Amino acid sequence: MKHTKFFIFALVAAMTFSACGTDDSLQFYFPDNGGNTGGSTGGDNTPGISTNKANQNMNMPTAIMPEVVKKAINGLEFPKIKGGSSYVVTHMADNAVNFSSEWDDNLQAQRWTCYFYCESNKGGNVGRLGDFINDPDMAKYYPGITEFASTPYQNSGYDRGHLIASHERQVSAVSNKQTFYFTNMQPQYSTFNQSKGIWYAMEYQNLKKNISGRDTLFVVKGGTIENGNVIEYVKNRNHIKPSEYVKQPHDGYIPVPKYFFVAFLEKKYNKDTDKFTYNAFGYWFLHEDKVFDSKNDKLVNYIVNIKTLEDRTGIDFFCNLPDNIEQEVENKDIEAIKRHWGW
């Protein structure tokens with residue numbers, strides 16, 4: 001009876017949190033046997049530790065997480081949550097997860113945004129409907145944790161760069177407006193972010209090529225905000241070089257990433273084997289104030305495998321895959337990646 005109730009709960013949760021018609025058991029997993037509370041460490045039955053023998057590094061909920069986050073963190077789009085001074089916020093739109101972000105309260109910056117594409121959220125043409133605002137869900141779920149006291153890096157010379165782009169959520173007004181929350185922003189050079197930039201080229205390449213013909217595509221995007229991988233720290237018109245910066249919680253200075261990264265995971269159904277297959281790759285971009293020379297340079301030159309991306313960022317991508325599948329997809333040879341994705 002215990003396992004029957006658990007199965008029904010997991011099935012209802014998956015139906016609630018996924019709008020994808022090709023969902024499978026790897027998309028949402030709710031651990032039994034004590035693995036759904038707390039954040040401590042210890043043996044297999046310790047709260048916060050995975051009881052799934054096939055996946056020892058999957059995300060586990062903690063006591064402070066709101067229910068909407070607890071039910072979302074085992075989606076395949078999620079990297080490993082850092083925790084500590086970081087807080088995850090998940091946005092719902094049209095009765096499904098729109099995207100999630102991890103916000104570092106100490107550094108006053110977002111670590112990553114993750115989301116997925118499937119048939120129900122690929123289309124639409126609602127336009128740019130949002131205003132750049134503080135994230136209302138952050139204030140709702142984590143009282144006292146606010147991402148900015150005022151409009152971030154105003155007049156600093158940097159764009160408010162979307163991680164999940166406005167044009168990636170055109171299916172509804174609600175889903176589009178949420179992309180303008182500051183928890184989905186990173187400071188970016190205009191030449192990097194806008195129509196002649198490499199970030200812009202990557203976004204449109206994703207929409208044009210990567211999501212076509214795939215059951216579901218899981219995406220993680222972010223910028224480097226620590227470990228020396230920062231250009232400078234900005235606040236309005238004030239700029240501080242990394243060498244001069246003394247980290248103080250809530251001092252109001254925002255790190256400008258030196259690098260930006262993207263990780264893609266494809267889930268596709270194989271009719272011959274009656275199973276899902278998984279493939280992944282990443283991008284690693286130096287954040288430069290220059291136009292992308294598309295005639296003499298190609299996006300394929302910035303492709304790395306997921307293991308390389310993990311080594312450079314310290315982030316465990318796609319941790320909710322079973323360990324054997326995760327290891328296989330993250331260690332793919334670059335030439336094999338290029339062949340599979342059609343480069």
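This is a predicted model: local features need pLDDT of at least 70, side-chain atom pairs count only at pLDDT 80 or more; totals for chains, interfaces and linings use all residues.
Figure 1. The buried residues of α7 make contacts with β10, β11 (275-286), β12 (303-304) and α8 (323-330). In α7 (residues 306-313), these buried positions are Ile306, Leu309, Glu310 and Thr313. They lie on the same side of α7, because the arc they cover around the axis is only 100 degrees. Gly314 follows α7 and has a positive phi, near 75 degrees.

**Figure 2. The largest nonpolar core.** This core comprises 68 residues, of which Phe264, Tyr283, Phe285, Phe317 and Phe318 touch the most other members. Strand β10 (residues 259-270) makes the greatest contribution to the core, supplying seven residues. Apart from this core lies another, made of five residues that include Val230, Tyr233, Tyr245 and Tyr253.

**Figure 3. Surroundings of Phe318.** Leaving aside residues up to four places away in sequence, Phe318 touches Leu76, Glu77, Phe78 and Pro79, as well as Phe218 and Val220, among others. Its contacts also include Ala263, Phe264 and Leu265, together with Ala280, Ile306 and Glu326.

**Figure 4. The open sheet β8-β7-β9.** Three strands are arranged in the order β8-β7-β9, with antiparallel pairing. Strands β8 (238-240) and β9 (254-257) each have a single partner strand and stand at the edges, so one side of each is left without a neighbour in the sheet. From one strand to the next, the twist averages 35 degrees.

**Figure 5. Pairing of β7 with β8.** Strand β7 (residues 230-235) runs antiparallel to β8 and is joined to β8 by three bridges. Lys235 stands opposite Asn238 of β8.

Methods
Residues are numbered from 1 along each chain as its sequence is written. Side-chain values use heavy atoms; hydrogens and water are left out. Two strands pair if DSSP finds at least two bridges between them. Helices (H or I, at least four residues) and strands (E, at least two) are DSSP runs, numbered from the N terminus. Axes are lines fitted to C-alpha atoms, for helices over the stretch in contact, and angles run from 0 to 180 degrees between N-to-C directions. A nonpolar core is a set of buried Ala, Val, Leu, Ile, Met, Phe, Trp, Tyr and Cys residues joined through side-chain atoms within 4.5 Å. Buried means under 20% relative accessible area, exposed over 50%, partly exposed in between (1.4 Å probe, protein chains only). Contact means heavy atoms within 4.5 Å. The arc is that of the directions from the helix axis to the C-beta atoms.
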